[in-house]
Amino acid sequence: MAGLALLAGCSTAPQRVAVAPPPPPKVARPELPYRWTQGNAPKAWEEAVAVFGPLRLRPGQYRWAATIPETGDTHVVIDTLTQLLYVYRDDKLIGVATISSGKKGRETPLGFWSVMNKQVKGYSRKYDNAPMPFMQMYDSKGIAFHAGPNPGYPASHGCVRLPLKFAEKLYTLTKVGSKVVIEG
């Protein structure tokens, strides 16, 4: 009997080893009701999450990559649906910022554009010479992206307003001819 008690105390069962839990499933971004997209804005959002982590930017906030390629073409992707602007250099995402695009009735035009005019101290021809710092015009009617009030929702007369410091840095990275894609 003593032998049985001794054997009962010896366990031959395999010992349990703590196993790390599986990684959380990748959360897919829900499909947004785009009026027009070629897939650039959704792709930019995914790349921004990969580079900067979850995009929880409040109005007026932005992020820049730690390193920016010194050469290569710069292009911009604007998403009027999520109110974000993404900037690429040499096809590498280097920045993202909140924007304020055109309000209802004066929506920012969607499509493929190019920067056609740049001015550090731009002024609106249509709206009482309103200042448009670091203005980059991409439409012959005067629509541009530039520094301006950024309340976190569409509020402009069609332009894309950016945080001041972001607009200033973006201005140094683009040139006349830089490509602009606007989806929303």
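1. A salt bridge here is a side-chain nitrogen of Lys or Arg within 4 Å of a carboxyl oxygen of Asp or Glu. The model under review is a predicted one. By that criterion Lys-175 and Asp-73 form a salt bridge, with their closest N and O atoms 3.8 Å apart. Lys-175 belongs to the loop between H3 and S10, and Asp-73 to the loop between S1 and S2, so this contact ties together parts that lie 102 residues apart in sequence. Asp-73 is exposed, at a relative accessible area of 55%.

2. The structure holds three salt bridges. One of them joins the side chains of Lys-43 and Glu-47, at 3.7 Å from N to O. These two residues are four residues apart in helix H2, which means that about one helical turn separates Lys-43 from Glu-47. Glu-47 has a relative accessible area of 25% and is partly exposed.

3. Lys-165 and Glu-168 also meet through their side chains in a salt bridge, again with an N to O value of 3.7 Å. Both residues are in helix H3, three residues apart, or about one turn of the helix. Lys-165 counts as exposed at 52% relative accessibility, while Glu-168, at 32%, counts as partly exposed.

4. S3 and S4 run antiparallel and are joined by six bridges. They form a hairpin with two residues between them, and Asp-90 in the turn has a positive phi of about 55°. Arg-89 has Lys-92 in S4 as its bridge partner. Leu-85 is bridged to Ala-97 in S4.

5. S4 also pairs with S1, in the antiparallel sense and over three bridges. Here Arg-63 stands opposite Val-96 in S4. Is S4 largely enclosed or left open by the rest of the structure? Six of its seven residues are buried, so S4 is largely enclosed.

6. The largest nonpolar core has 24 residues. Ile-78, Leu-85, Phe-145, Leu-162, Phe-166 and Leu-170 have the most contacts inside this core. At least two of its residues come from each of strand S2 (74-79), strand S3 (84-89), strand S4 (92-98), strand S8 (144-147), strand S9 (160-162), helix H3 (164-173) and strand S10 (179-183). Which element supplies the largest share of this core? H3 does, with five residues. Another core, of eleven residues, lies apart from this one and includes Ala-44, Leu-84, Leu-93 and Val-96. In soluble globular proteins, nonpolar side chains tend to be buried together.

7. Phe-166 deserves a separate look. Leaving aside neighbours within four places in sequence, Phe-166 is in contact with Tyr-62, Arg-63, Trp-64, Leu-85, Val-87, Gly-95, Val-96 and Ala-97. Tyr-62 and Trp-64 form one aromatic cluster with Phe-166.

8. The structure holds six aromatic pairs. One of them, between Trp-36 and Phe-112, is edge-to-face, at 5.4 Å centre to centre with 85° between the planes. Trp-36 counts as partly exposed at 26% relative accessibility, whereas Phe-112 is exposed, with a relative accessible area of 55%.

Terms used: Residues are numbered from 1 along each chain as its sequence is written. This is a predicted model: local features need pLDDT of at least 70, side-chain atom pairs count only at pLDDT 80 or more; totals for chains, interfaces and linings use all residues. Side-chain values use heavy atoms; hydrogens and water are left out. A nonpolar core is a set of buried Ala, Val, Leu, Ile, Met, Phe, Trp, Tyr and Cys residues joined through side-chain atoms within 4.5 Å. Buried means under 20% relative accessible area, exposed over 50%, partly exposed in between (1.4 Å probe, protein chains only). Contact means heavy atoms within 4.5 Å. Two strands pair if DSSP finds at least two bridges between them. Rings of Phe, Tyr and Trp (its six-membered ring) pair if their centres lie within 6.5 Å; planes under 30 degrees apart count as stacked, over 60 as edge-to-face and the rest as tilted.
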